[in-house]
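Have a look at the model below before you read on. I've jotted down some numbered points to go through with you.

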Amino acid sequence: MPEIALVGRSNVGKSSLINALCRQSKLARVSASPGKTRQVNFFEINEAFYLVDLPGYGYAKVSQQEQARWASMIEGYLAQSKSLKHLLFLMDIRHDPSQGDIQMAYWLQHYQIPCTIVATKADKLTRSQRKLKADKLSDAVGMTFRTPTLVFSAQEKLGIRELEQRIGEILSQQTP
């Protein structure tokens with residue numbers, strides 16, 4: 001089955017997004033402290049595809065050695081997965097992209113992995129601020145190929161319908 005992976009820095013909301021999409025509050029483990037996801041987790045969705053929750057990069061209360069292991073795990077998955085069809089690249093809409101986000105954009109371009117930017121934690125901004133900030137994320141990380149951007153908030157359930165529609169488009173583009 002095709003895989004759609006979620007990637008982003010620690011505590012950006014990857015697990016919260018999975019829970020919101022699946023309408024379950026405890027499917028993917030979430031925590032207020034960064035670094036809860038420590039391995040590659042696969043969630044089968046409607047016997048049609050997998051959502052793949054990757055460990056976060058950047059700040060987490062773990063050793064440098066553990067962070068390096070996570071980075072290797074993420075890069076290994078991106079480079080070797082035969083079923084990866086698309087990547088949801090999560091970034092916190094409130095902040096400028098981190099060095100990790102810029103590095104991830106480089107990896108995605110290097111491996112030619114199509115992606116959609118998901119601007120998370122949108123409930124923390126006004127409606128007018130959301131559009132302005134979201135529109136700048138693709139350029140801010142240096143994406144050189146077309147990268148749609150969606151605004152999302154797990155708290156307010158904002159952007160779920162658009163995300164479901166985007167996933168439907170991605171899956172319909174796949175060849176059997």
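**Notes on the sheet and its helices**

1. Close by in my list is a second pair, with Ala-5 having Leu-87 in S4 as its bridge partner. The strands involved are S1 (residues 3-7) and S4, which run parallel and are joined by five bridges. Strands here are DSSP runs of E of at least two residues, helices are runs of H or I of at least four, and both are numbered from the N terminus.

2. A word on what you're looking at. This is a predicted model, where local features need pLDDT of at least 70, side-chain atom pairs count only at pLDDT 80 or more, and totals for chains, interfaces and linings use all residues. Residues are numbered from 1 along each chain as its sequence is written, and side-chain values use heavy atoms, with hydrogens and water left out.

3. Now zoom out to the sheet. It is open, has six strands in the order S2-S3-S1-S4-S5-S6, and its pairing is mixed. Strand S2 (41-45) and S6 are the edge strands, each pairing on one side only. Two strands pair if DSSP finds at least two bridges between them. From one strand to the next, the twist averages 25°.

4. How many of the nine residues of S4 are buried? Eight of them are, so the strand is mostly covered. Here buried means under 20% relative accessible area, exposed means over 50%, and partly exposed is in between (1.4 Å probe, protein chains only).

5. Asp-92 belongs to S4 (residues 84-92). Is Asp-92 buried or exposed? Its relative accessible area is 6%, so Asp-92 is buried. The side chains of Asp-92 and Arg-94 are joined by a polar contact of 2.6 Å. A polar contact is a pair of N or O atoms within 3.5 Å; within protein, one must be able to donate a hydrogen and the other to accept it, and residues adjacent in sequence count only if both atoms are side-chain atoms. Leaving aside neighbours within four places in sequence, Asp-92 is also in contact (heavy atoms within 4.5 Å) with Arg-9, Val-12, Thr-120 and Lys-121.

6. Over in strand S3 you'll find Tyr-50. Tyr-50 counts as partly exposed because its relative accessibility is 24%. Tyr-50 and Ala-5 are 45 residues apart along the chain, yet their C-alpha atoms are separated by 8.0 Å. Not counting residues up to four places away in sequence, Tyr-50 touches Met-1, Pro-2, Glu-3, Ile-4, Phe-42, Phe-43 and Glu-44.

7. Next, helices lying on strands. Helix H1 (residues 14-22) lies across S1, S2, strand S3 (49-53), S4 and S5, and runs at about 150° to S3. H4 lies across S4, S5 and S6, running at about 145° to S5. For these angles, axes are lines fitted to C-alpha atoms, for helices over the stretch in contact, and angles run from 0 to 180 degrees between N-to-C directions.

8. Which residues of H4 are buried? They are Arg-130, Ala-134, Leu-137 and Ser-138. These cover an arc of only 85° around the axis, which puts them on the same side of H4. The arc is that of the directions from the helix axis to the C-beta atoms. Ser-128, Leu-132, Lys-136 and Asp-139, on the other side of H4, are exposed. The buried residues of H4 pack against S4, strand S5 (115-120) and strand S6 (149-151). Just after H4 comes Gly-142, with a positive phi of about 85°.

9. H5 can be read in a similar way. Its buried residues are Ile-160, Leu-163, Arg-166, Ile-167 and Ile-170. They span an arc of only 120° around the axis, which puts them on the same side of H5. Arg-161, Gln-165 and Ser-172 are exposed on the other side of H5. What covers the buried residues includes S1, H1, S3, S4, S5 and S6.

10. Last one: Gln-109, in helix H3 (residues 99-110). Gln-109 counts as buried because its relative accessibility is 19%. Leaving aside neighbours within four places in sequence, Gln-109 is in contact with Gly-142, Met-143, Thr-144 and Phe-145.
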